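Have the viewer ready and follow along.

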Amino acid sequence: MKGGLILALGVTLVFQAVWGCPEICKCQLSSRTVDCSYRGLVEIPSHIPSQTQVLHLQGNQIRIINHTSFANIPGLKILDLSNNSISTLSPYAFHYLHSLQVLNLTKNYITYLESHLFTSLADLKELDLSSNGIFTLPESLGNSTKNLTFLGVKHNQLQWVDRSVLESFTNLKVFLVKANPWQCSCNIMGLKLWLENFLYKGGILDELICKSPDNRKGRDLLKIPFEMYKSCPPMTAPYVMANIHHHNIEHRSNGKHGLHGDYGDGGTHSECEPKPKPRPANLRHAIATVVITGVVCGIVCLMMLAAAIYGCAYAAIMAKYHRELKEVEHLAPVNEHGSPEEKEPLDNSLA
């Protein structure tokens, strides 16, 4: 038994020597996995095997990711950098990771994302940026990560997200953005419309709770009627009103709807609040029900009217037919025996 253990240990040491596994990490050749998690690291270990496909670096004290940190492992598919102290990301920190599919950067101190940070990650499917201090998302984020199916940005400092950033995510299925200081004034209408469409297509969202303005604080953005934005600036209002009747839908996402987050202040009460009191959603639903019921009843009435007209026409035709039939029957005996005038010549001739 001892001999077997010694042999196994010897094979492991030989493997690590040949494969080049860092001493502080654990490596698994079969799964091409390197586990350097919770090792007290302050930087990315050097000499990580170039064949590595899964790299765990969570739970350390890494602060900086530069452009050469992962230059020697281009085949990496899963990278976990969560629960570190990362505050600086080089614009090309992930430039060499063309095969990366999963990137976890949660629970760090990231406040800013360079516009070119994710440009080389064309195969990326899951990106989690939650629990940082991010104020805005790069405008080019969706252009280079079109294959994303999961995007998490909850527990950050986002006040709004431009709709154009999200429209490139044609494959997105899950979008988590709760606990941000969302600003639910006029500038959020593009995001609201995008979310309505995303939910309609079966996307999964958490909740988006407004942080400001005061009259919408604590409210779910997706439950605020579009009518409340009638007073928005001219460039916004027509676009909004043109879509009101196309986006009043039921939200579905495993019992939840909306995003996690709140938009901060960015519009005054008088700027976006309409003068007339908006009708609540349940009243709109009731009106819609009445309209639908009226349409159905109208169709039934039209069908009944058509049936009545048909019946009257049929009865009139049959009555006329019977009258003509009686007249024919009345004239038939007279024609059969002949008229008196026709009989006289016959009688005289016989005489």
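Predicted model: local features only at pLDDT ≥ 70, side-chain atom pairs only at ≥ 80, totals over all residues.

Cys301 is partly exposed, with a relative accessible area of 47%. Cys297 is partly exposed too, at 42%.

Of the 351 residues, 39% are buried. The chain exposes about 20,200 Å², and carbon and sulfur atoms supply 59% of that area.

Searching the whole structure turns up four disulfides. One of them joins Cys21 to Cys27, with the sulfurs 1.7 Å apart. This link is right-handed, at 85 degrees about the S-S bond. Cys21 is buried at 7% relative accessibility, and Cys27 is buried at 13%.

Move on to Cys184 and Cys210, joined by a disulfide with an S to S distance of 2.0 Å. Cys184 sits in the loop between strand S11 and helix H4, and Cys210 in the loop between strand S12 and helix H5, so the pair ties together parts that are 26 residues apart in sequence. Cys184 is buried at 0% relative accessibility, as is Cys210 at 1%.

Another disulfide joins Cys186 to Cys232, at 2.2 Å from S to S. This pair links distant parts of the chain, 46 residues apart: Cys186 is in the loop between S11 and H4, and Cys232 is in the loop between S12 and H5. The link is left-handed, with -95 degrees about the S-S bond.

Notes:
Residues numbered from 1 in each chain as written. Heavy atoms only, no water. Buried < 20%, exposed > 50% of the residue type's maximum accessible area, 1.4 Å probe, protein only. Areas by Shrake-Rupley, 256 points an atom, 1.4 Å probe, with all protein chains shown as cover. Disulfide = S-S within 2.5 Å. Helix = DSSP H or I, 4+ residues; strand = E, 2+ residues; numbered from the N terminus.
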